[in-house]
Amino acid sequence: MTLRCTLMAALAASLPAAAAPLDAQAVTADLAHFTDATCTALRPEVKAADLAGFKTDVLRAVAESMLAGTYDPAYRVADYAAYPSPTELGRTLKLGDGFSRYEGITGIVLDAGEHLVLVGPTAGHRLQLLIPDWMRKPAEGIEPTKDPNGWGLHRQAVDLREGANIVHIDKGGLVYVSYYDDQAEKAPRIRVHFPTGRVNGYFDGTKQSNEDWDRLLDHAVSPIMDARGQHIQVAYPVEWFNVHTRSRGVELIRNYDTLLGHHFTFMGLVKYDKVPRNHILARVNFNYYMFRDGDGVAYLGTKSVMGMVANPDTVIKGDPCWGFSHETGHALQMRPQVTWSGMTEVSCNFFSLYTLGKMGNESRIRHQKNYASARKNIIDARISYLQCADVFDRLVPFWQLQLYALKMGKPDFYADLMETMRNRPDAGRGKESFRNQFEFVKLACDGLKLDLTDFFDKWGFFWVGDYKIDDYGKFEFTVTQAMVDECRAAVAAKGYPKPADDVTQIEE
């Protein structure tokens, strides 16, 4: 889609906030001049002479522009579709709360003050207007990592109802329509009209060109530009897009989508046609190099860091690729089936290893010689993998299963394993989450049709005793001999053969 020249003119002459305080009765009276409550078209009988009878400056300006044929609804008027709620995704995909909360990109900036937002029929569905403070920085003199306001994204949320909404914006910025539903496929599209505010626009990498991208950057009225693809949503500063992504917006979004596509393939969502419509958000922050929270993945807003993640060439290589895959891996790691106590910083890296390999990067655990160190620190030390301090050593046995599955001609090993997990109850949560490791053992043996108990025994999956695990919280639990015996017996009952190789020795 090519942006029209009229849109570029509108960018420079966008309607500001209401010139005079808005009165609900006056707004209601003016709505009668339009065909519906969203005011996207005038009634046929409305003429220029009727403008004097309007009671609000805002809707008079809209009507005057419509009569003149100059009103451009691009970005101002859109029909918003519901997205599956985090609750629904957690239920169907067994994930944590990791997808974007800002799916309803508007491309509109509402400055501080009073604004009119017009909402079409909602059929009882809940909508909110979100105004995130993308550019929030620590107060002067505060060390960024010790910011008392935290590292997270701050926002204002305003409930929207069907019809005319007079909203007060505390701190201006880009606005987003929040519309989530547990049955999104059945929810109606809802029209929302922003007659006030300024048009910033946003980039859709699946539809627009690099020429469109550059025009958006050139005419941006916000310090942030939104861009999205099939799987990714980014909100980075225009300043750094101009430095690192000029004329390459399509390539950046395509590369992010490719990385996430590999994630979804690994976990079976592609094979089993369960890839969600939802996007994963990557945003700027001004506190810490890189982290993941409930609002997505955040990167420090400096030239060097933005150069890693806003440059299409670097985001798919080395540390930038690992970092993105690691943090999004946190959003996609199954909970609790592969994220039991001690696994938070392990199962996220299943995605890192898989995706970096698919992008032509060297295996990190091979480069770091973790195969040898894991055998020394876990097998030779006769401890459980969970008791090893090095999370990369802990990762080795899980990746060896992937390598052995590939050797056996079963590239979908983890895809099938995770689909099986999605379709059955977990073995325990919270303090009981460790029980999922025994379910993992059984299902891994089922997946490869092998008795892998010797392999798991060497890596300490059957270590009996008391555990004290520090994994974003203190976890204490006891593995008993009865638990181990039950797991071994369940595998033995299948009659699977032992593997022909010592799987603990396999490497890339």
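Q: What does Asp159 count as at 48% relative accessibility?

A: Partly exposed, at that 48%; buried means under 20% relative accessible area, exposed over 50%, and partly exposed in between (1.4 Å probe, protein chains only). This is a predicted model, with residues numbered from 1 along each chain as its sequence is written. Local features need pLDDT of at least 70, side-chain atom pairs 80 or more, totals for chains, interfaces and linings use all residues, and side-chain values use heavy atoms without hydrogens or water.

Q: Which side chain meets Asp159 in a salt bridge?

A: A salt bridge puts a side-chain nitrogen of Lys or Arg within 4 Å of a carboxyl oxygen of Asp or Glu. Here Arg126 is the partner of Asp159, at 3.1 Å from N to O. Asp159 sits in strand S6 (155–160) and Arg126 in the loop between strands S4 (113–119) and S5 (127–132), so the pair ties together parts 33 residues apart in sequence. Arg126 is exposed, at 56%.

Q: Where do Arg91 and Glu88 lie?

A: Helices (H or I, at least four residues) and strands (E, at least two) are DSSP runs, numbered from the N terminus. Arg91 and Glu88 belong to helix H4 (86–93), 3 residues or about one helical turn apart. Their closest N and O atoms are 2.9 Å apart in a salt bridge. Arg91 is exposed at 55%, while Glu88 is buried at 17%.

Q: Arg283 and Asp293: buried or exposed?

A: Arg283 is buried at 1%, and Asp293 is buried at 18%. They form a salt bridge, with closest N and O atoms 2.9 Å apart. Arg283 is in strand S15 (280–285) and Asp293 in strand S16 (290–293), so this pair ties together parts 10 residues apart in sequence.

Q: How many salt bridges does the whole structure have?

A: The search finds 31. Arg424, Glu439, Lys442 and Glu486 are linked in a network of them.
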